[in-house]
Amino acid sequence: MLHSVVPYVMCVVLFAIGLYAIAVKKNLIKVIVGAIIIDNAVNLFLVLVGYRTPLRGPAIAPIVTPEIEKSRRAVQELLSNAVDPLPQALVLTSIVIGLSVSALMVVMALRLHQKYGTFDLTQITKLKG
Amino acid sequence: MEHLLPLLVLIPLGAAFLIPMANLIGGRRGTRASEVIALLAVAALVAVSLATFAYGPAPAVWIGGYRGASELLGVTGGAASAELAGPGGTSVRGVLVEQVVAESAAARAGLRVGDVITAWAARKPDQEPAAERESQPLHSINQLRRENAALEPGGQLVLQVVREGKAMQLVVTGGKSVTGIAMFSDGLTRLLVVMISVVSFAAVLFSLSYMRPYTKLYLYYSPLMLMIAGMNGVVVSGDLFNIYVFLEVAAMASYALVGFGVEAEELEASFKYLVLSAVASGFILLGIGIVYSLRGTLNLAQIADFTRFAAPNDALWLAVGFFIAGFGLKAAMVPFHAWLPDAHPSAPAPVSAMLSGLLIKTSGVYVLARLTFNVLGVSTAVAYVLMTMGVLSMLVGVFLAVGQWDFKRMLAYSSISQVGYVMLALGVGAEVLARQEAVTQRWSALAFLAIFAGLFHLINHAAFKSLLFLASGSVVYRTGTRDLRELGGMGQKMPWTSFFARIGALSISGIPPFNAFFSKLLIVIAVVWSGHWILGAVTVFVSFLTLLTFTKAQRYLIEGEVPARFADIKESPLPMQLAMGILAAACVLLGVLVPFHMGTLIAPAAQALFGQIQGYAAAVFGG
């Protein structure tokens with residue numbers, strides 16, 4: 001029981017660390033790192049959701065190759081041991097989205113540094129609250 | 001007709017790719033080419049969205065799968081397979097059935113509570129019973145649901161079951177469902193699509209003049225098109241993960257557009273918006289993950305089908321909480337509103353119009369309403385959360401708006417307040433539907449009225465807030481300032497802009513012949529009728545403060561003396577006038593023609609939410 005809960009708890013802890021970084025840290029780069037940690041915590045969660053306890057032997061990746069399709073035994077093994085493929089597809093998409101968001105954040109941070117000469121959020125306050 | 005739905009996403013997406021290409025090839029004439037492509041794309045969108053109306057209800061479009069009548073398996077049980085008591089004191093590996101829904105496919109097959117399903121096999125419709133493929137071990141009930149959903153029409157599931165120590169075989173018939181990604185258009189989607197295309201058309205028309213002083217315009221029009229594609233994608237997709245992807249497409253384009261001017265303030269606002277929106281996306285994806293783990297599908301209609309039968313689940317509440325936080329952030333509802341008053345005014349005026357008029361509604365209010373009413377089911381707790389967020393947003397937004405001297409900032413705060421109205425009305429509708437007595441005609445009529453009023457205010461806000469943002473842009477274009485204390489006498493210098501701004505201001509204040517009068521009146525009636533007297537009083541009070549805010553705006557913008565340095569300014573160019581004219585006409589017509597348009601425009605949208613989960617699932621699966 002315990003070993004199946006621990007990864008989820010770690011996920012939540014990771015998410016909380018990311019939220020903490022965004023809420024508390026005053027450095028732009030640390031805020032960006034916080035956002036990336038949140039992103040990865042969610043990706044990890046999705047991968048965990050897709051995990052199924054294998055019936056025989058170790059869990060395997062849900063990849064269907066022509067060789068597997070030919071062999072009846074391989075299909076059997078895939079069905080009983082493969083993890084759920086759908087969350088993995090979601091995670092791939094989510095990673096790509098996360099990558100572009102973090103790239104945009106880094107570019108914004110660079111531009112902000114050009115304008116303000118600092119990464120300190122307490123000094124980047126030209127807008128009134 | 002159903003072929004029109006992908007066009008809503010493909011047209012702006014194509015334009016977003018064509019615009020940089022045209023710039024690459026066209027060289028000097030590239031800017032003009034981007035403008036022409038953008039304008040053609042939004043004009044085509046207006047045509048397509050009107051065509052969806054002309055055709056009326058349409059079946060869902062399935063990409064990569066077939067559609068058929070859905071039928072629930074009707075069984076819940078242990079999440080994963082475990083060692084359970086088997087025949088003759090031995091133990092077997094299988095999944096324990098914990099609940100069987102009456103009259104479901106599982107009940108017809110004879111499955112009972114306490115049965116242990118050890119293995120399954122799928123049988124094709126034309127196969128001999130003996131020729132089925134070998135039984136597979138069963139991992140979880142969710143797997144069985146997925147297999148049931150993947151069956152062809154007329155296919156069967158053969159289950160190996162252990163009941164009270166005896167092994168037996170049961171045959172489940174009639175699992176008919178879907179495997180593809182759905183695009184679906186009901187009344188609500190059509191309403192939002194028309195709203196998006198008309199406001200986008202006005203915004204692009206306005207940009208033709210407004211954006212001229214900027215350089216590298218293809219970097220402006222391309223994200224603008226991408227944002228439209230994202231918003232259209234959110235409203236037409238019937239799949240939870242697709243909604244997330246399109247949400248991100250629209251959001252990513254909007255980050256770039258907010259920071260388009262690359263001045264210090266704009267970058268600061270954009271970064272703030274970017275970080276908070278990224279957190280919101282994290283919450284939303286977490287919620288989606290939980291819903292998938294519970295329901296085993298991402299199709300909204302199938303989730304709705306499961307919701308109808310499955311017992312309430314603690315983890316589902318967690319997902320609902322994440323959704324409220326995520327979409328609340330996207331819609332800038334009050335505990336989560338900090339980014340909006342920075343981000344919306346910092347963008348160029350046509351983008352502000354689209355962000356305030358469209359983006360917070362499609363990626364916040366629409367998805368939240370769809371999930372609450374049509375997918376996860378209404379409940380008193382969620383309804384109260386929506387109502388609380390709505391009332392807080394109304395109050396906080398209007399209190400902060402009334403003191404502002406920056407015109408665009410005032411408009412942004414007022415957006416929070418006006419979207420609060422929508423949220424309150426939808427919350428009241430959900431609260432009444434969740435009551436036990438909602439079955440009687442009187443109460444269901446009240447719920448319908450509340451939803452109707454909320455959606456009516458939603459499109460009204462799109463019309464008048466976009467109009468006001470464009471008017472502010474028109475003033476900024478000529479004077480270079482948006483500080484109300486420095487402005488004045490625009491009634492003499494810019495008569496048309498002032499005229500349109502006055503229509504917008506009168507609309508948002510709820511003056512009778514204009515649109516918001518009717519929607520605010522209906523909201524107040526619905527809130528009071530449902531028994532929330534205090535909330536009704538608050539609604540009227542906020543309406544009064546809104547009137548005060550926009551009286552102040554008119555006093556300092558339109559009336560008064562013309563400052564000396566603006567003595568020789570001219571009226572803004574024709575495309576800006578046209579764009580404002582379209583939206584002003586929308587404000588007037590939505591108000592004056594209430595008896596004529598409500599039957600075709602808003603009532604079907606309200607009906608879509610009012611139908612709740614049964615109505616939505618039935619509409620998507622076509623019967």
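Biologist: What pLDDT does chain A average?

Modeller: This is a predicted model. Chain A averages a pLDDT of 86, and 96% of the residues score at least 70.

Biologist: Where in chain A is confidence lowest, and where highest?

Modeller: Confidence is lowest in α4(A), with a mean of 76, and highest in α2(A), at 93.

Biologist: How many residues does each chain bring to the contact?

Modeller: Chain A brings 31 residues and chain B brings 29 residues. On the side of chain A that touches chain B, α2 (28-49), α4 (72-81) and α5 (85-116) each supply at least two residues. The most comes from α5(A), with 14 residues.

Biologist: And how do the residues on that side of chain A divide into nonpolar, polar and charged?

Modeller: The side of chain A that touches chain B has 21 nonpolar, five polar and five charged residues.

Biologist: Turning to chain B, how many helices and strands are there?

Modeller: Chain B has 22 helices and nine strands. Of its 623 residues, 61% are buried. Taking contacts in chain B between residues at least 6 apart in sequence, 79% join residues at least 24 apart.

Biologist: Is α14(B) mostly covered or uncovered?

Modeller: Mostly covered: 27 of the 28 residues in α14(B) are buried. Helix α14 of chain B covers residues 407-434 and, at 1.5 Å a residue, should span 40 Å; the end C-alpha atoms are 41 Å apart, so the two values agree.

Biologist: What about α20 of chain B: what should its 19 residues span?

Modeller: At 1.5 Å a residue, helix α20 (residues 574-592) of chain B should span 27 Å, and its end C-alpha atoms are 26 Å apart, which agrees.

Biologist: Which residues of α20(B) are buried, and what do they pack against?

Modeller: Among the buried ones are B:Met576, B:Met580, B:Leu583, B:Cys587 and B:Leu590. In an α-helix there are 3.6 residues a turn, so residues three or four places apart point the same way. The buried residues of α20(B) pack against α5 (187-210), α15 (441-479), α17 (495-509), α18 (515-529) and α21 (594-610) of chain B.

Biologist: Now B:Ala505. Why is B:Ala505 classed as buried?

Modeller: B:Ala505 sits in helix α17 of chain B. B:Ala505 counts as buried because 25 other C-beta atoms lie within 10 Å, and the cut-off is 20 or more.

Biologist: What is B:Ala505 in contact with, leaving aside neighbours within four places in sequence?

Modeller: With those neighbours left aside, B:Ala505 is in contact with B:Phe550, B:Ala553 and B:Gln554. B:Thr549 is 44 residues from B:Ala505 in sequence, and their C-alpha atoms are 9.2 Å apart in space.

Note on methods: Residues are numbered from 1 along each chain as its sequence is written. Chains are lettered from A and ligands numbered from 1 in the order in which they are written. This is a predicted model: local features need pLDDT of at least 70, side-chain atom pairs count only at pLDDT 80 or more; totals for chains, interfaces and linings use all residues. Helices (H or I, at least four residues) and strands (E, at least two) are DSSP runs, numbered from the N terminus. The expected span of a helix is 1.5 Å times one less than its number of residues. A residue is buried if 20 or more other C-beta atoms lie within 10 Å of its own, exposed if 12 or fewer, and partly exposed in between; C-beta atoms are placed from the backbone. Two residues are in contact if their C-beta atoms, placed from the backbone, lie within 7 Å. Ala, Val, Leu, Ile, Met, Phe, Trp, Tyr, Cys and Pro count as nonpolar, Asp, Glu, Lys and Arg as charged, and the others, Gly among them, as polar. pLDDT is the predictor's confidence in each residue, from 0 to 100.
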